[in-house]
Amino acid sequence: MNSRKIRVTLLLFVALVASLPMSACAASRPPAEPRRRTELQLGTVCTITFMDGGDEAAFDAVFARLAEIHARMSAQEPGSELSRIADAAGKSPVAVSPDTFAVIEQALRYAELSGGAFDPTIGPLVRLWDIGGDGERIPSAPEIEAALALADRKSVILDKAKGTVFLAKAGMRLDLGAIAKGYAADEAARIMLERGVRAGIVDLGGNIMTVGRKPDGTPWRVGVQNPFSDRGEYLGIVASEAKTVVTSGVYERFFEEGGRRYHHILSTVGGYPVENGLWAVSIIADRSIDADGLSTSVFALGLEKGRALVESLAGIEAVFIDADKKIYLSSGASKLFTLTDGAFTLAD
Ligand code: ADP
Ligand code: MG
């Protein structure tokens, strides 16, 4: 979908290959050639790389799983489980797959943690703006008010024993666009390990997850995308034992009108794209569902409250990039992040 993202992967790929030990060439087993497959899935460019281990059937299994998750959790596909839940809103509970149930549960957890800045019941508002879609436009105030009235996380009724989801008010609609890709990345990684991939990379539209260990034993190095560049450049490197880096920002999907940028992370308070001076937030974590849920939550909360949330969570670090090209780091991120682009400055 977006050549920028393919280039990010390429850069990563080069960085990773360059760090393979030269002595591997002399070893009895020749160094494995990294193998890659790219497909459009989950509405974005997904690239899976096997650096050590794995076969064609493993690629097939990973992509089949991504397609399955999309078919279940898409907010757009008419037959998806999310669409069935929306169709039954105000009427009846809907039985869903354990996948969808678990992701909705996690989404509600991030809604709680963020005090509602992140909210999976934002579906009607996301549809109204349709940012990145054919119908994207600035809605009227009454339209926004009506859509916001349908965003209410307390009206999502989960029945764990029955595996059902019920939206209490007619017109309500879930949107898991801010978290489903993270879940999909975790699933891709799980399948890769199960199928003998010893080292590899999952890249779901810039949502990066490393799998296994690098052959030379050094930590993985993942580029943090420059949110001001449309050429897939990165502004710094995260070298971490944590497995995933996920970024949310104003550059991913947006339209411009009257000299203003309208991007795809929407405020649950005002109903407009969030404007708080941040340009992007990258979250470093072990599970990609956490990194994805938190990247959107923390972006929506802004620097101060977002940083406080990150500091309150174990095993989570963050890199904040603001409109003035200043970079703020969570306390643990300073040990993991190296700035490589001189156009940016480290704050504090
Ligand atoms: P990306 O999809 O680029 O990885 P995010 O993970 O930040 O970016 O998710 C953005 C998507 O989340 C939007 O396209 C929309 O579907 C949904 N969304 C927008 N605003 C919110 C919000 N306040 N809370 C929850 N989901 C949101
Ligand atoms: Mg997200």
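1. In this predicted model, an open sheet is built from 9 strands, ordered β1-β2-β6-β7-β10-β13-β14-β15-β17, with mixed pairing. The edges are taken by β1 (35-41) and β17 (345-346); each has a single partner strand, so one side of each is left without a neighbour in the sheet.

2. Within the sheet, β7 (residues 207-212) pairs with β10 (residues 244-249) over 2 bridges, in the antiparallel sense. M209 has T244 of β10 as its bridge partner.

3. Two helices that pack on the sheet can be described by their contacts and angles. Helix α2 (residues 56-73) touches β1, β2 (44-52) and β6 (199-204), and its direction makes about 20° with that of β1. Helix α8 (residues 288-301) touches β7, β10, β13 (278-285) and β14 (317-322); here the angle, taken against the direction of β13, is about 155°.

4. Ligand 1 has 18 residues around it, of which D175, S248, E252, L266 and T296 come nearest. By class, this shell holds 7 nonpolar, 5 polar and 6 charged residues.

5. Which atoms of D175 and H264 face an oxygen atom of ligand 1? In D175, a polar side-chain atom lies 2.9 Å from an oxygen atom of the ligand. In H264, a polar side-chain atom lies 3.0 Å from an oxygen atom of ligand 1. For A117, the atom concerned is a backbone N or O, 3.0 Å from a nitrogen atom of the ligand.

6. On its own, ligand 1 has 570 Å² of accessible area, and the protein covers 96% of that.

Note on methods: Residues are numbered from 1 along each chain as its sequence is written. Chains are lettered from A and ligands numbered from 1 in the order in which they are written. This is a predicted model: local features need pLDDT of at least 70, side-chain atom pairs count only at pLDDT 80 or more; totals for chains, interfaces and linings use all residues. Side-chain values use heavy atoms; hydrogens and water are left out. Two strands pair if DSSP finds at least two bridges between them. Helices (H or I, at least four residues) and strands (E, at least two) are DSSP runs, numbered from the N terminus. Contact means heavy atoms within 4.5 Å. Axes are lines fitted to C-alpha atoms, for helices over the stretch in contact, and angles run from 0 to 180 degrees between N-to-C directions. A residue is near a molecule or strand if one of its heavy atoms lies within 4 Å of it. A polar contact is a pair of N or O atoms within 3.5 Å; within protein, one must be able to donate a hydrogen and the other to accept it, and residues adjacent in sequence count only if both atoms are side-chain atoms. Accessible areas come from the Shrake-Rupley method with a 1.4 Å probe; for residues, only the protein chains shown count as cover. Ala, Val, Leu, Ile, Met, Phe, Trp, Tyr, Cys and Pro count as nonpolar, Asp, Glu, Lys and Arg as charged, and the others, Gly among them, as polar.
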